[in-house]
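Hi,

Here is the structure I promised to pass on.

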Amino acid sequence: MYRALRAEVADVLERALEAQELPTDDLGIEDPPGGVDATLASSVAFRLAGTLGEAPAAVAAQLSDEIDVSDATYIGAVTNAGPYLNVHASETYYEETLLAGLDPTYGTLPDRDERVVVEHTSANPTGPVHVGRARNPIIGDAIARVLSAAGYEVERHYYVNDAGRQMAVFTWAYETFEEDDLPAPDRAKPDYDLVRYYRAGNDYLESENEQKVAAAETEIEAIMRGLESGDEATYRRVSQVVEPVLEGMRQTLERLPARFDEFVRETRFMRDGSTEDLVQRLKALPNAEQADGAWQLDLAGRGIDKELVFVRSDDTSLYPTRDIAHHEWKLRNFDRAITVLGEDHELQARQLRAALDQLGNDVSRLRAVHYSWVNLPGGEGMSTRRGTGIDLDDLLDEAIDRARQEVEARMDDRLRDDDLDEGDIDRIAHQVGIGAVRYDIVAKQASKAITFEWERALNFEAQSAPYLQYVHARCSGILTEAGREPVGSPDADALTHPTERELLAVMARFPAVIEEAADDLAPHVVATYCRELAETFNAFYRECPVVSSEVSEDTGEARLALVSGAKHTMANALDVLGVEAPESM
RNA sequence: GGGCGCGUGGCCUAGCGGACAGGGCGAAAGGUUCCUAACCUUUCGAUCGCGGGUUCAAAUCCCGCCGCGCCCGCCA
């Protein structure tokens, strides 16, 4: 409703300005600050005051007279408050919002026949997923979800780096070291098992004498050349390391849950010849040049100081080369391609974009979202190779444990008499624990750095997932208590309490929030919205009984519809964030 | 050194050109015979890193500086 109202306001304002032959390029439509009794506002009067030579307040008064709302559906009235124009929503606005909320899919935008691929996580299959990496699947999955809610057809991809030097080192280490010489794995999972070889291999290369390292390097290079030439035997050797580790990582990500439609392996673009073909096209570009036997693209003309090396002097390709082939493939198969990357990939992403552009691809269909680092207190980073960092599995286990303790602690002084059983406690512990971790990460702008702290990540009160989930559970509780579904034609007139109107007004904005989050690839705006919705609902909850003998039938019916709408809105908003919405907690 | 990003009460965070900078944590006080108190109410607390500039209007845009992060590999 909000989106329709906004469009209507623009229309009405434009007509009023045109009638007075005033410019309509900047209508200054905005959300009024809290405490102002209006649904939308405009500050056009400021802009026109100069050209008209009158005070803004006078212009606003004049405009509010000029504006004709008689044809409008969602605008009730336009008044002026000093220099501002305040738009008040019509009764229809509230009525239609109440009605729309009854739809369990409320907030989902119409299909738009556009295929989008969201690539996220894509962590090298070297070992267990740690918390530093977890920001990627949580943000990536939320972006995929918000795009899906916004009507796009979404596919989620994990790009697997199963070629290249790191994998060659890993394969060599796996074939070289004896299990007896390694520490016991932290968990009985393939990623925890195999990462020990990876760490041992890297240690060896860093600490052994020159001769031994040189011998190892020879073996590693042989593996890389085997991959490059498409040698089946080499591919199988690497696969026996990559695939189990990837499976272990997939299992951990599944817990979030972050699921993928496809794991796209890098070797695919070597084996199908597309990398080779690409290299020929890159070499033919005017700014391609050879330096010390290697081939590179000089991107200075595009404002990038660093050359993009795409063929080594030994004639093998590099990760960025294959990634260009990968992205051409994405652009062939999808209308838009979005990649979620760490801030350390910023330069690489710019180079990739520039190269793709030069090759004649439409790079406007490409977008990258970069997120900042998750550090440990004290500033230490998380590294799979060095074994520093907190494993995501441990964080999730701890989150669930603490959530379970909370549930059990609250059982004793619980007011509601609904006999939660063991299964419920387990369910709630998972929903709350995992939800808290996800929300803590998704609620923050991706560009802000995060310092990981247990207490903060696992705080279950106030601005956290459980606070929002609780609202959903409260709605469910009321609907259960009522013992029936709201009727199909509720009467918004019966909702006269300010908290009721406010709740409807917040609900009305939900589709616009989804649209904005999708346009900006910013799921955190949905997180912020959830908080507002929760606060507004709690105010209503405090003031307005729904299932009570003191409430008239009409009012009770309308409130039941309102609760149903709030429940659907919260459920769908949480779903976009990947946070579960419990029926009880 | 260069490039990109970030800097909002003790801590975390929203806002990123318009009406008194919203929340939360924390601290203090209150609220449950009534739909779940993982809740709500009140109080405390901010030169929006610093200095200039643009504008009727700047946390928001521009310039400079400071601090922090990331990047500047024939690694990925």
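Predicted model: local features only at pLDDT ≥ 70, side-chain atom pairs only at ≥ 80, totals over all residues.

D191 and K189 meet through their side chains in a salt bridge, with N to O at 3.3 Å. By salt bridge I mean a side-chain nitrogen of Lys or Arg within 4 Å of a carboxyl oxygen of Asp or Glu. D191 counts as buried, at 0% relative accessibility, and K189 is buried too, with a relative accessible area of 15%. (Buried is under 20% relative accessible area, exposed is over 50%, and partly exposed is in between, with a 1.4 Å probe and protein chains only.)

Residues are numbered from 1 along each chain as its sequence is written, chains are lettered from A and ligands numbered from 1 in the order in which they are written, and side-chain values use heavy atoms, leaving out hydrogens and water.

Back to the charges. Side chains of opposite charge can pair when their charged atoms come close. The structure holds 45 salt bridges. One of them links E254 with R259, whose closest N and O atoms are 2.6 Å apart. Here E254 is partly exposed, with a relative accessible area of 28%, and R259 is also partly exposed, at 47% relative accessibility.

Another joins the side chains of E557 and R484 (2.8 Å, N to O). E557 sits in helix α20 (residues 553–577) and R484 in the loop between α17 (465–482) and α18 (498–520), so this pair ties together parts that are 73 residues apart in sequence. Helices and strands here are DSSP runs numbered from the N terminus (H or I, at least four residues, for helices; E, at least two, for strands). E557 is buried, with a relative accessible area of 14%, while R484 is partly exposed at 41%. There is also a network: salt bridges that share partners join R187, K189, D191, R255, D393, D394 and D397.

Now the strands. Strand β6 (residues 153–160) is mostly covered, with six of its eight residues buried. β6 pairs in the parallel sense with strand β5 (residues 115–119) over five bridges; for pairing, DSSP has to find at least two bridges between the strands. R115 stands opposite E153 in β6. β6 also runs parallel to strand β7 (residues 262–265), joined to it by four bridges, and H157 stands opposite E262 in β7. Together, β5, helix α5 (residues 131–149) and β6 make a right-handed β-α-β unit. Right-handed means that, with the strands pointing away from the viewer, the path from the first strand over the helix to the second runs clockwise.

Which residues touch the most other members of the largest nonpolar core? They are I143, L147, Y158, W172 and V526, out of 164 residues. Apart from that core lies another of 29 residues, among them V117, A288, F310 and L359. (A nonpolar core is a set of buried Ala, Val, Leu, Ile, Met, Phe, Trp, Tyr and Cys residues joined through side-chain atoms within 4.5 Å.)

Last one: in helix α3 (residues 56–66), V59, A60, L63 and S64 are buried. Seen down the α3 axis, its buried residues fall within an arc of 130° (taken from the directions from the helix axis to the C-beta atoms), so they line one face of the helix.

Cheers
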